[in-house]
Amino acid sequence: MTHPDPGIFGLDPMWLIVTKAVAIFVFLVLTVLIAILVERKVLGRMQMRFGPNRVGPNGLLQSLADGVKLALKEGFIPAGADKPIYLLAPIIAVIPAILAFAVIPMGPVVSVFGHHTPLQLTDFPVAVLYVLAVTSIGVYGIVLAGWSSGSTYPLLGGLRSSAQVISYEIAMALSFVAVFLYAGTMSTSQIVAAQDRTWFIFLLLPSFAVYLVAMVGETNRAPFDLPEAEGELVGGFHTEYSSLKFAMFMLAEYINMTTVSALAATMFLGGWQAPWPISLIDGANSGWWPLIWFVAKVWGFMFFYMWLRATLPRLRYDQFMALGWKLMIPLSLAWILTVATTKTVRADGAAPWLTVAIYLAFTVVLVLVLMSWNAHRWRRRQAVAPRLPDGPDSTGSPYFPVPPIPSKEEVRG
């Protein structure tokens, strides 16, 4: 296994840097095309129907046909739109999604035409903060798209998105703090190296659970796709967009899905390192093989996205915001305090059983808090529930009065 030395980044020749940048862009675009097709196939099977099966062999060219169809559609601009910002918004949504992938490690140091280079475009000491900063810029594309359209419902969708991303980006950032404490760095390549023996999903399961929910809310995907809720916003922020401008928003959504999935694999699943027992094979974590393990982990999270979309209904907005502010953020803060305490205790040379006791205490407190929260919610529902009659009504129904059905004679009369 060859983990890249932090000093190796920035030493590649220009042609190799350009080649890696183009390779990342091609990888993301191909992943989007495949993900759209796979999602429609998976949703079809989960909903007891066929997915795309007409265009090309078994429908394999459906994504390409959809792209051509969008390109050939008329691209109109609403009369009341702010034209420069209206045209700039899709670009603002797409570019940050691509830039965030620059610091994702996809493999170890390999040889490319005699040059030893890591399968990663670049890295620096605060790479994870760079990802959070770049992905947060993407919401401006959504907000500006809703505002510049000159329509009420896209504006509401843009405002919803800004509130949603702010809420869940806080929880996402807090879920990384425990990883920083264990790895001792914010460099993505060094975080992967710190998981050489044990993946952080086993050591920091609460952080992974918080990130798993936050990444769905961050990318506006079902059941958290409230900025484009068709029921009340008729499509949301991109209602007034068509042709390639609409396609760019879809491209940004799926690239963001790929980026946060790759970040989850990097932070919690060992990055490009092979899973056990494949890791026991000599050479499994060297050469170009780790690229396969990395892509497999990313697609595992992509399938999780599709599974959620086929399974869960959309949340109400108040439920969604309460989940982020009242549960996930306090849970993250309590977990950070627990991890920091255990790290301090272990650094002072305390016995291992004390660390286990701290984690057990956190688990017990968490369970008690969740039980009390559910009990409080149940009492509130009972307090506002409508009062039902104590006894049966004239129709014999014990709780739900039903008007008596008129007889045939009464109807004729």
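Trainee: How much space lies in the second largest pocket?

Mentor: The model is predicted, so local features need pLDDT of at least 70 and side-chain atom pairs pLDDT 80 or more, while totals for chains, interfaces and linings use all residues. Residues are numbered from 1 along each chain as its sequence is written, and side-chain values use heavy atoms, without hydrogens and water. On a 1 Å grid over the protein atoms alone, a pocket is an open set of points with protein on both sides within 12 Å along at least five of seven lines; points are joined across faces, edges and corners, and a volume is the space filled by probe spheres set on them. For the second largest pocket, this space is about 490 Å³.

Trainee: Which residues lining the second largest pocket are the closest to its centre?

Mentor: Lining residues have an atom within 4 Å of a point. The second largest pocket has 14 of them, and the closest to its centre are Arg316, Asp318, Ala322, Arg377 and Arg380.

Trainee: Which elements each supply at least two residues of the lining of the second largest pocket?

Mentor: Elements are DSSP runs numbered from the N terminus, with helices (H or I) of at least four residues and strands (E) of at least two. Here the suppliers of at least two residues each are α12 (317-347) and α13 (352-384).

Trainee: What is the volume of the largest pocket?

Mentor: The lining of the largest pocket has 38 residues, with Ile36, Leu70, Phe246, Met250 and Tyr254 nearest its centre. At least two residues each come from α1 (14-46), α2 (62-72) and α10. The volume of the largest pocket is about 990 Å³.

Trainee: How many cavities of 30 Å³ or more does a search of the whole structure find?

Mentor: A cavity is a set of points where a 1.4 Å probe fits but cannot get out. Of such cavities of 30 Å³ or more, the search finds two.

Trainee: Which element gives the most to the lining of the largest cavity?

Mentor: The largest cavity holds about 300 Å³ of space. Its lining comprises 21 residues, and Ile142, Glu218, Thr219, Asn220 and Asn256 are the closest to its centre. Two or more residues come from each of α4 (127-148), α5 (152-183) and α10 (243-268). The element giving the most, with seven residues, is α10.

Trainee: How much space lies in the second largest cavity?

Mentor: Leu174, Ser175, Pro206, Ser207, Val210, Leu331, Ser332 and Trp335 line the second largest cavity. The space in the second largest cavity is about 30 Å³.

Trainee: Is glutamine 120 buried or exposed?

Mentor: Glutamine 120 is placed in the loop between β2 (115-119) and α4. Beyond residues up to four places away in sequence, glutamine 120 touches (heavy atoms within 4.5 Å) Phe9, Lys20, Ala102, Val103, Ile104, Pro105, Thr188 and Ser189. Because its relative accessible area is 2% and the cut-offs are under 20% for buried, over 50% for exposed and in between for partly exposed (1.4 Å probe, protein chains only), glutamine 120 is buried.

Trainee: What is the relative accessible area of serine 279?

Mentor: Serine 279 is found in the loop between α10 and α11 (289-311). Apart from its neighbours within four places in sequence, serine 279 is in contact with Ala274, Ala284 and Asn285. Serine 279 counts as partly exposed, because its relative accessible area is 30%.
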